[in-house]
Amino acid sequence: MKKLNNFNSTMLPLKMSNIDTDQIMPKQFLKRVERSGYGQYLFHDWKKEKEFPLNNKIYSKAKVLIAGTNFGTGSSREHAPWGLQDWGFDAIISSKFADIFKLNSINIGLVPIETTEDNMNLLFRKVTSNPNTEIKISINDKSVTCEELEFDFVIDDFSQNRILNGIDKIDISLEYSDMIEDFKYNRSSWLPKLTD
Amino acid sequence: MVGKTLFDKIWEQHHIKSIDADTNLLFIDLHLVHEVTSPQAFDSLRINNRLVKYPELTLATVDHGIPTSNRALGIKDPLSKKQIEALEHNCEEFGITLFGVNDSRQGIVHVIGPEQGITQPGMTIVCGDSHTATHGAFGSLAFGIGTSEVEHVLATQTLAMSKPKTMKVEVLGELQNGITPKDLILRIIKKIGTGGGAGHVIEYSGEAINGMSMENRMTICNMSIEGGARAGMIAPDETTFNYLKNKNYAPKKSSWDQAVSAWSELYSDEDAIFDKTIQINAEELEPSISWGTNPSQIISINDKIPDSNDYLNEADREAAKRALDYMDLSPGQKISELKLDRVFIGSCTNGRIEDLRNAAAIVKGHKVAKNLEAMVVPGSTLVKKQAEEEGLDLIFKNAGFDWREAGCSMCLGMNPDILAPGERCASTSNRNYEGRQGVGGRTHLVSPEMAAAAAIHGHFIDIREFNYEKA
């Protein structure tokens with residue numbers, strides 16, 4: 001997973017609620033068996049509209065996406081966060097994220113930051129009046145600063161530590177292999193087994 | 001001591017260890033795998049020299065990208081072909097059971113688990129697919145995961161996760177004549193919104209739920225994710241046990257009695273506390289239809305298309321405006337006036353045998369409307385076989401429906417079954433997002449009964465005014 005700590009960036013605004021993962025990464029690109037190269041397909045259909053913010057060069061260096069509420073709703077496809085990260089985003093700020101999208105993003109080091117509707121409105125206003133507005137995100141301090149606006153965000157320590165150090169979760173869980181095996185051994189005997 | 005919810009009980013039974021204050025290692029009893037969200041996970045296992053921890057707790061099938069027309073012709077789409085071959089190869093290499101392209105047990109991953117009795121009460125079940133919540137109908141904790149977690153479960157048979165909150169959805173009264181579980185779940189989603197269940201596991205209860213068959217309950221739990229909840233569950237009861245008895249993988253002989261006695265403990269205690277509770281009155285429901293481009297944009301058959309200005313929040317207004325435009329609708333229009341081009345009956349929401357029986361009961365003796373294309377895609381190869389034994393295929397075919405092989409098909413259009421731009425479809429599936437069923441396609445989510453009646457009339461009608469003999 002990608003390692004991150006503090007970074008400054010401009011923002012790209014997508015002011016719509018309930019943006020679903022079918023829009024973020026349409027199904028035809030889910031047929032690929034590769035793990036990389038999804039950035040070019042990001043918002044494939046919406047990108048056909050000229051005025052779509054991803055087509056606006058003024059936002060081309062933005063590492064932070066700010067989006068309407070319930071971002072990433074729908075399908076569990078991790079291809080959606082893969083595309084966002086590959087495009088160049090390191091963080092997304094919204095007043096709410098869909099559960100699976102949020103977990104998928106954390107798992108690859110794309111940071112989902114939840115804040116209030118009021119803060120979202122302020123951020124949208126700032127970026128609309130000046131697209132060059134800079135935002136500072138600190139994973140270490142769990143904080144966001146944008147001009148006079150400052151707020152903290154919540155991320156559990158386990159995930160924070162993984163993102164700060166780029167640690168794969170599987171390695172952590174495998175440290176408990178003995179406990180997992182004991183647990184398996186003691187399960188009810190009737191539980192289904194697909195092979196003997 | 002405070003009582004426990006059904007969720008609490010299953011969570012505790014699978015809790016291996018607290019890794020830190022928020023993170024818990026949870027044992028996963030069953031991992032379902034399909035071709036679309038797994039190839040990168042298997043690749044990563046290889047790169048990192050990892051094995052599949054317990055292949056016997058893993059089941060794979062092909063459903064998302066598989067063609068539903070003549071399978072003997074093979075898979076024409078080179079990308080889908082490659083993806084399905086990758087799954088076949090991965091299952092062989094890692095020793096995983098695969099219900100493959102030509103297996104009589106192949107089908108949509110959420111149809112085959114219950115059908116085989118592999119889905120059982122009290123289990124933890126995950127799959128790289130958001131409709132995994134379907135299995136919660138058996139009183140299991142089942143939810144969708146992304147590809148990183150697919151790899152995690154393959155490698156460890158666990159997930160490291162924080163504990164979700166609980167939400168009770170209590171359905172008061174009984175479903176009235178002509179009103180289906182699909183109408184109910186669409187109403188629930190409208191009420192809580194597409195993000196209303198975020199962070200929560202939903203437990204559905206109440207008279208209407210108790211009275212439902214297992215297949216009906218699966219339709220309810222299936223769409224929990226459309227209300228934002230990763231998992232939805234229903235406490236197991238006699239209906240559950242009767243459904244499971246004698247299924248292939250269900251416990252047998254003395255194990256059966258032991259299992260039933262353990263399963264009978266799986267309910268929410270009377271004094272259990274839920275983080276959130278909502279109630280909905282089943283007796284007030286009317287046939288539901290989605291008008292827009294997210295599954296909370298629902299109206300009743302007799303309602304008019306809403307105005308985007310009715311929405312209070314600006315982002316919601318923007319979304320509604322965009323939805324009206326995309327769906328080519330004007331506020332105040334009657335939904336029954338829209339001309340339909342396609343009808344799709346199938347999916348993990350409504351592609352089981354009872355769904356097909358209910359739709360066939362309406363179609364029987366009628367013809368599909370002129371200039372409308374209609375198709376039925378059974379949820380599994382066994383559902384297809386059962387339907388054919390009952391003669392349902394002939395009812396559909398005689399009416400002018402296309403009768404297909406099992407798969408996800410036009411629910412998400414990853415295979416050749418897609419809408420053309422601008423086409424309007426009555427669909428029994430679960431998502432009406434822009435382009436979901438094909439770029440530019442327009443989806444209206446409905447029950448199998450409403451879809452069948454719409455196929456005959458060429459537009460939506462109130463199913464309660466349609467004369468037919470119930471299945």
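A few ground rules come first. Because the model is predicted, local features need pLDDT of at least 70 and side-chain atom pairs count only at pLDDT 80 or more, while totals for chains, interfaces and linings use all residues. Residues are numbered from 1 along each chain as its sequence is written, and chains are lettered from A and ligands numbered from 1 in the order in which they are written.

Chain A holds 7 helices and 8 strands; here helices (H or I, at least four residues) and strands (E, at least two) are DSSP runs, numbered from the N terminus. Along the principal axes, its C-alpha atoms fill a box of roughly 65 × 40 × 25 Å. Of its 196 residues, 48% count as buried. Take the contacts in chain A between residues at least 6 apart in sequence: 70% of them join residues at least 24 apart. A contact means that two C-beta atoms, placed from the backbone, lie within 7 Å.

Where the two chains meet, 75 residues of chain B are in contact with 53 residues of chain A. Helix α5 (residues 147–156) of chain B gives the largest share of chain B's side, 7 residues. That side divides into 28 nonpolar, 30 polar and 17 charged residues. For this sorting, Ala, Val, Leu, Ile, Met, Phe, Trp, Tyr, Cys and Pro count as nonpolar, Asp, Glu, Lys and Arg as charged, and the others, Gly among them, as polar.

Chain B has an open sheet of 5 strands in the order β5-β4-β3-β6-β7, with parallel pairing. Two strands pair if DSSP finds at least two bridges between them. The edges are β5 (97–99) and β7 (141–144) of chain B, each of which pairs on one side only. On average, neighbouring strands of this sheet are turned by 20° against each other, direction ignored. Inside the sheet, β3 (residues 30–33) and β6 (residues 124–127) of chain B pair in the parallel sense over 3 bridges, with B:Leu30 opposite B:Ile125.

Helix α2 (residues 39–47) of chain B has B:Pro39, B:Gln40, B:Ala41, B:Phe42, B:Ser44 and B:Leu45 as its buried residues. These pack against α3 (78–94) and α5 of chain B. Just after α2(B), B:Asn49 takes a positive phi of about 60°.

Another open sheet of chain B has 4 strands, in the order β11-β10-β9-β12, again with parallel pairing. Its edge strands are β11 (231–233) and β12 (276–281) of chain B. Between β9 (residues 165–172) and β10 (residues 200–205) of chain B there are 6 bridges, and the two strands run parallel. In this pair, B:Val169 stands opposite B:Tyr204. Helix α1 (residues 6–14) of chain B packs on the sheet, touching β9, β10 and β11 of chain B, and its direction makes about 130° with that of β10(B). Such angles run from 0 to 180 degrees between N-to-C directions, and axes are lines fitted to C-alpha atoms, for helices over the stretch in contact.

How do two of the helices sit together? The axes of α6 (residues 181–192) and α8 (residues 214–222) of chain B come within 9 Å and cross at roughly 20°. B:Pro181, B:Lys182, B:Leu184 and B:Ile185 in α6(B) meet B:Asn216, B:Thr219 and B:Ile220 in α8(B). This contact divides into 4 nonpolar, 2 polar and 1 charged.

Further along chain B, strand β15 (residues 342–345) points B:Arg342 and B:Phe344 one way and B:Val343 and B:Ile345 the other, and all are buried. Strand β15(B) runs parallel to β16 (residues 373–376) of chain B, joined by 4 bridges, and B:Ile345 stands opposite B:Val376. With β18 (residues 424–427) of chain B, β15(B) pairs in the parallel sense over 3 bridges; there B:Phe344 stands opposite B:Ser427.

Finally, B:Ile289 lies in strand β13 (residues 288–290) of chain B. B:Ile289 is buried because 25 other C-beta atoms lie within 10 Å. Leaving out residues up to four places away in sequence, B:Ile289 touches several residues, including B:Ile298, B:His444 and B:Phe460.

Technical notes:
Buried ≥ 20, exposed ≤ 12 C-beta atoms within 10 Å, placed from the backbone.
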